[in-house]
Amino acid sequence: MRSFFATTHDDWTDPAGQLHAYLVPDTSYVQWAQPIRERLDIVPFLAVQPQSALHATVQRFPFLLSEITQEQIDTLRNTAREGFADFASLELTFGAPSLMADAVVTYGGDPNNLPEGWKNLVERVRSVAQEALGPEGVHYAPPFGPHITLAYGTNDGEDSVIEDVLGEQSEAGTITFQDLAWCAVHQFPDRGIYTFTELFRTPFAKA
């Protein structure tokens, strides 16, 4: 395990936060994750993410909220509502905790064979952002696949320590996402965490 924050790019410090599109898990996932987060919390080179901040990133945008006007937010809201008018609810099945090089995550499907619903979601979000916010709406590539981060690495450490703490864990299970959250995301590298404030949600019409 290594520090996630030692290799991040284009970080931000503005307290207003940066615009992101998230899927927010339901209470079943949060309850499943709670004892696992408590186990991970004793590992000195990990930063466990707050319960209220658990999410799957769909897209990050290069816009600080302090630089976006209310008119732009309203345009994004309206464009997203129209863009998702025919979008079905999305089911993703999240597995047991997995170790990455710099984080502990749960995958929402095989990262080497992405679920079609996820690919459609990402494509739709990027199209909406580009229409509402211009070419910079697709400045960043989408994430490698659907995943929810339970903890980030904050320093170098042995994976075996994390594996011993975790032991055998069950899969998180299937989540049905019925909307998309557009958020202002706040980064705290000194604490190793991210938090977010919801701006609005876009419902999936066929949920």
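This is a predicted model: local features need pLDDT of at least 70, side-chain atom pairs count only at pLDDT 80 or more; totals for chains, interfaces and linings use all residues.

User: Why is β1 called largely enclosed?
Analyst: A residue counts as buried when its relative accessible area is under 20%. In β1, 6 of the 6 residues are buried, so the strand is largely enclosed by the rest of the structure.

User: Which residues of β1 point one way, and which the other?
Analyst: Gln18, His20 and Tyr22 point one way, while Leu19, Ala21 and Leu23 point the other way; all are buried.

User: How do you know that β1 and β3 pair?
Analyst: Two strands pair if at least two bridges are found between them. β1 and β3 have 5 bridges and are antiparallel, and therefore count as paired. Within this pairing, Gln18 stands opposite Leu64 of β3.

User: What makes β9 a partner of β1?
Analyst: The requirement is again at least two bridges. β1 and β9 are joined by 5 bridges and run antiparallel, so they meet it. Leu19 has Ala184 in β9 as its bridge partner.

User: What lines the largest pocket?
Analyst: Its lining consists of 26 residues, and Phe4, Thr57, Arg60, Tyr152 and Tyr194 lie nearest the centre. The elements that give two or more residues to this lining are β1, β3, β6, β7 and β9. β7 gives the most, with 3 residues. The volume of the largest pocket is about 720 Å³.

Methods: Residues are numbered from 1 along each chain as its sequence is written. Side-chain values use heavy atoms; hydrogens and water are left out. On a 1 Å grid over the protein atoms alone, a cavity is a set of points where a 1.4 Å probe fits but cannot get out, and a pocket is an open set with protein on both sides within 12 Å along at least five of seven lines; lining residues have an atom within 4 Å of a point. Grid points are joined across faces, edges and corners, and a volume is the space filled by probe spheres set on the points. Helices (H or I, at least four residues) and strands (E, at least two) are DSSP runs, numbered from the N terminus. Buried means under 20% relative accessible area, exposed over 50%, partly exposed in between (1.4 Å probe, protein chains only).
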